[in-house]
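Let's take a friendly walk through one part of this model, starting with a single side chain and moving on to a pair of helices.

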Amino acid sequence: MGQRQALDIATALCKEFEGFSSKPYICPAGYPTIGYGTVYKPDGNKVTMRDATISREVALGWLISELESNYMAGVLKASPSLIKEPVALGVMTDFAYNLGVGRYRASTLRKRVDVQDWNGAATELHKWVYGGGKKLPGLVRRRQAEVDLLAGL
């Protein structure tokens, strides 16, 4: 039940903040992307600008596959105690999907999570709102949504 709840939370956050595109586009980080922020398809191939359009159903399947096999797995490897905290696991999985497991693993955020300092984790999340040196409103909203979920812990 815990990992399913975490996956549902991460999926909802990603769908809301990544948005959906049936056609490939170049994301703000400069990568060909499709669906709900997919850069690598489930078969391991990178998305290209020549890829065919996809449906919302296909995009959702790809998102869930990525979240479960790559991002949630990476977060749990870095912070195994999150297996007992499905809400926090879902939030950190969304964070990792947005910014990468490597950034999560190396962050002060992870250190706060590992000692279950949820207030400290919220403070750290609010620091991850910049892209290209600019404060991005979409990242501010995403981090606030993550913080709001942690507030109940």
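Setting aside neighbours within four places in sequence, Glu 146 is in contact (heavy atoms within 4.5 Å) with Leu 13, Val 91, Asp 94, Phe 95 and Leu 125. Glu 146 belongs to helix H7, residues 137-150; helices here are DSSP runs of H or I with at least four residues, numbered from the N terminus. With 0% relative accessibility, Glu 146 counts as buried, a term for under 20% relative accessible area with a 1.4 Å probe and protein chains only.

This is a predicted model, in which local features need pLDDT of at least 70 and side-chain atom pairs count only at pLDDT 80 or more, while totals for chains, interfaces and linings use all residues. Residues are numbered from 1 along each chain as its sequence is written, and side-chain values use heavy atoms, leaving out hydrogens and water.

Now to the helix pair.

| Helix | Residues | Residues in the H2–H3 contact |
|---|---|---|
| H2 | 56-78 | Leu 63, Glu 66, Leu 67, Tyr 71, Met 72, Val 75, Leu 76 |
| H3 | 86-99 | Leu 89, Met 92, Thr 93, Ala 96, Tyr 97 |

The contact of H2 with H3 is made up of 10 nonpolar residues, 1 polar and 1 charged; Ala, Val, Leu, Ile, Met, Phe, Trp, Tyr, Cys and Pro count as nonpolar, Asp, Glu, Lys and Arg as charged, and the others as polar.

H3 is mostly covered, with 13 of its 14 residues buried. Just after H3, Gly 100 has a positive phi of about 105°.

Terms used
Axes are lines fitted to C-alpha atoms, for helices over the stretch in contact, and angles run from 0 to 180 degrees between N-to-C directions. Helices (H or I, at least four residues) and strands (E, at least two) are DSSP runs, numbered from the N terminus. Buried means under 20% relative accessible area, exposed over 50%, partly exposed in between (1.4 Å probe, protein chains only).
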